[in-house]
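Morning, everyone. I have one structure to walk you through today. Please have a look at it first, and then we'll go through it piece by piece.

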Amino acid sequence: MENIITTSKSIAIISFGVGTILFALQLYNPSSDVLIGPGIVFIFIATIINIISFLALIFSLLGTKGYRIKTLKTIGVVLLNIPIAVIYFYILIESI
(Lines give C-alpha, C1' and ligand atoms only; values in the text may rest on other atoms or scores of the structure.)
Protein backbone atom coordinates (compact mmCIF):
# COMPACT_ATOMS: atom_id res chain seq x y z
CA MET A 1 0.00 0.00 0.00
CA GLU A 2 2.78 2.40 0.89
CA ASN A 3 4.38 1.67 -2.51
CA ILE A 4 1.27 2.80 -4.38
CA ILE A 5 1.15 6.04 -2.39
CA THR A 6 4.83 6.81 -2.87
CA THR A 7 4.77 5.91 -6.57
CA SER A 8 1.64 7.97 -7.23
CA LYS A 9 3.13 11.01 -5.49
CA SER A 10 6.32 10.63 -7.51
CA ILE A 11 4.38 10.33 -10.77
CA ALA A 12 2.33 13.44 -9.95
CA ILE A 13 5.42 15.48 -9.05
CA ILE A 14 7.34 14.35 -12.13
CA SER A 15 4.35 15.09 -14.38
CA PHE A 16 4.05 18.54 -12.83
CA GLY A 17 7.78 19.20 -13.19
CA VAL A 18 8.08 18.12 -16.81
CA GLY A 19 4.86 19.94 -17.72
CA THR A 20 6.08 23.11 -16.05
CA ILE A 21 9.41 22.93 -17.85
CA LEU A 22 7.71 22.48 -21.23
CA PHE A 23 5.30 25.31 -20.38
CA ALA A 24 8.13 27.67 -19.37
CA LEU A 25 10.17 26.85 -22.47
CA GLN A 26 7.19 27.54 -24.72
CA LEU A 27 6.51 30.86 -22.95
CA TYR A 28 10.18 31.78 -23.30
CA ASN A 29 10.04 31.31 -27.07
CA PRO A 30 6.37 31.60 -28.14
CA SER A 31 7.13 31.96 -31.84
CA SER A 32 8.71 28.50 -31.99
CA ASP A 33 6.62 25.45 -32.78
CA VAL A 34 9.35 22.98 -31.81
CA LEU A 35 7.80 22.03 -28.46
CA ILE A 36 4.24 21.50 -29.68
CA GLY A 37 4.79 17.90 -30.81
CA PRO A 38 6.71 16.79 -27.71
CA GLY A 39 4.20 18.66 -25.54
CA ILE A 40 1.24 16.82 -27.04
CA VAL A 41 3.03 13.47 -26.69
CA PHE A 42 3.89 14.30 -23.08
CA ILE A 43 0.28 15.24 -22.28
CA PHE A 44 -0.99 11.99 -23.83
CA ILE A 45 1.50 9.78 -21.97
CA ALA A 46 1.18 11.69 -18.68
CA THR A 47 -2.61 11.47 -18.83
CA ILE A 48 -2.55 7.70 -19.27
CA ILE A 49 0.01 7.18 -16.51
CA ASN A 50 -1.80 9.52 -14.10
CA ILE A 51 -5.16 7.83 -14.77
CA ILE A 52 -3.62 4.43 -14.01
CA SER A 53 -2.09 5.87 -10.84
CA PHE A 54 -5.41 7.44 -9.84
CA LEU A 55 -7.30 4.19 -10.41
CA ALA A 56 -4.74 2.25 -8.36
CA LEU A 57 -5.24 4.72 -5.52
CA ILE A 58 -9.03 4.43 -5.74
CA PHE A 59 -8.88 0.63 -5.67
CA SER A 60 -6.44 0.65 -2.76
CA LEU A 61 -8.71 3.11 -0.94
CA LEU A 62 -11.60 0.69 -1.32
CA GLY A 63 -9.50 -2.29 -0.29
CA THR A 64 -7.67 -1.16 2.84
CA LYS A 65 -8.65 0.88 5.85
CA GLY A 66 -5.30 1.65 7.44
CA TYR A 67 -4.07 4.21 4.93
CA ARG A 68 -7.27 6.11 4.09
CA ILE A 69 -6.06 9.61 5.01
CA LYS A 70 -2.71 9.16 3.27
CA THR A 71 -4.43 7.75 0.20
CA LEU A 72 -6.94 10.59 0.07
CA LYS A 73 -4.14 13.16 0.35
CA THR A 74 -2.27 11.45 -2.48
CA ILE A 75 -5.42 11.41 -4.62
CA GLY A 76 -5.62 15.17 -4.00
CA VAL A 77 -2.03 15.62 -5.16
CA VAL A 78 -2.70 13.59 -8.31
CA LEU A 79 -5.90 15.52 -9.06
CA LEU A 80 -4.16 18.86 -8.52
CA ASN A 81 -2.38 18.39 -11.84
CA ILE A 82 -5.68 18.77 -13.72
CA PRO A 83 -6.40 22.44 -12.92
CA ILE A 84 -2.72 23.29 -13.30
CA ALA A 85 -2.69 21.76 -16.80
CA VAL A 86 -5.87 23.67 -17.71
CA ILE A 87 -4.35 26.95 -16.50
CA TYR A 88 -1.14 26.29 -18.46
CA PHE A 89 -3.17 25.48 -21.56
CA TYR A 90 -5.26 28.63 -21.18
CA ILE A 91 -2.17 30.82 -20.76
CA LEU A 92 -0.51 29.29 -23.82
CA ILE A 93 -3.62 29.74 -25.98
CA GLU A 94 -3.98 33.35 -24.86
CA SER A 95 -0.33 34.10 -25.56
CA ILE A 96 -0.53 33.03 -29.20
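Which residue forms a salt bridge with glutamate 2? Keep in mind that this is a predicted model. The partner is lysine 70. The closest N and O atoms of the two are 3.2 Å apart. Glutamate 2 sits in helix α1, residues 2–28, and lysine 70 sits in helix α3, residues 68–94. That is 68 residues apart, so the pair links distant parts of the chain.

In general, side chains of opposite charge can pair when their charged atoms come close.

Now to helix α3 itself. What length should we expect for α3? It has 27 residues, and at 1.5 Å a residue these should span 39 Å. The C-alpha atoms at its ends are 40 Å apart, which agrees.

Which residues of α3 are buried? They are Thr71, Thr74, Ile75, Val78, Asn81 and Tyr88. What covers them includes α1 and α2, the latter being residues 36–63. Look at the spacing in that list. An α-helix has 3.6 residues a turn, so residues three or four places apart point the same way.

Stay with tyrosine 88 for a moment. The structure holds one aromatic pair. Phenylalanine 23 and tyrosine 88 form it, and the pair is stacked. The rings are 4.1 Å apart, centre to centre, with 5 degrees between the planes. Why does this pair tie together parts that are 65 residues apart in sequence? Because phenylalanine 23 lies in helix α1 and tyrosine 88 in helix α3.

Phenylalanine 23 counts as buried because its relative accessibility is 11%, under the 20% cut-off. Tyrosine 88 also falls under 20%, at 19%.

How much space lies in the largest pocket? About 980 Å³. The pocket is lined by 34 residues. Closest to its centre are Gly39, Phe42, Ile43, Ala85 and Phe89. The elements giving two or more residues to the lining are α1, α2 and α3. Which one gives the most? It is α3, with 11 residues.

Methods
Residues are numbered from 1 along each chain as its sequence is written. This is a predicted model: local features need pLDDT of at least 70, side-chain atom pairs count only at pLDDT 80 or more; totals for chains, interfaces and linings use all residues. Side-chain values use heavy atoms; hydrogens and water are left out. A salt bridge is a side-chain nitrogen of Lys or Arg within 4 Å of a carboxyl oxygen of Asp or Glu. Helices (H or I, at least four residues) and strands (E, at least two) are DSSP runs, numbered from the N terminus. The expected span of a helix is 1.5 Å times one less than its number of residues. Buried means under 20% relative accessible area, exposed over 50%, partly exposed in between (1.4 Å probe, protein chains only). Contact means heavy atoms within 4.5 Å. Rings of Phe, Tyr and Trp (its six-membered ring) pair if their centres lie within 6.5 Å; planes under 30 degrees apart count as stacked, over 60 as edge-to-face and the rest as tilted. On a 1 Å grid over the protein atoms alone, a cavity is a set of points where a 1.4 Å probe fits but cannot get out, and a pocket is an open set with protein on both sides within 12 Å along at least five of seven lines; lining residues have an atom within 4 Å of a point. Grid points are joined across faces, edges and corners, and a volume is the space filled by probe spheres set on the points.
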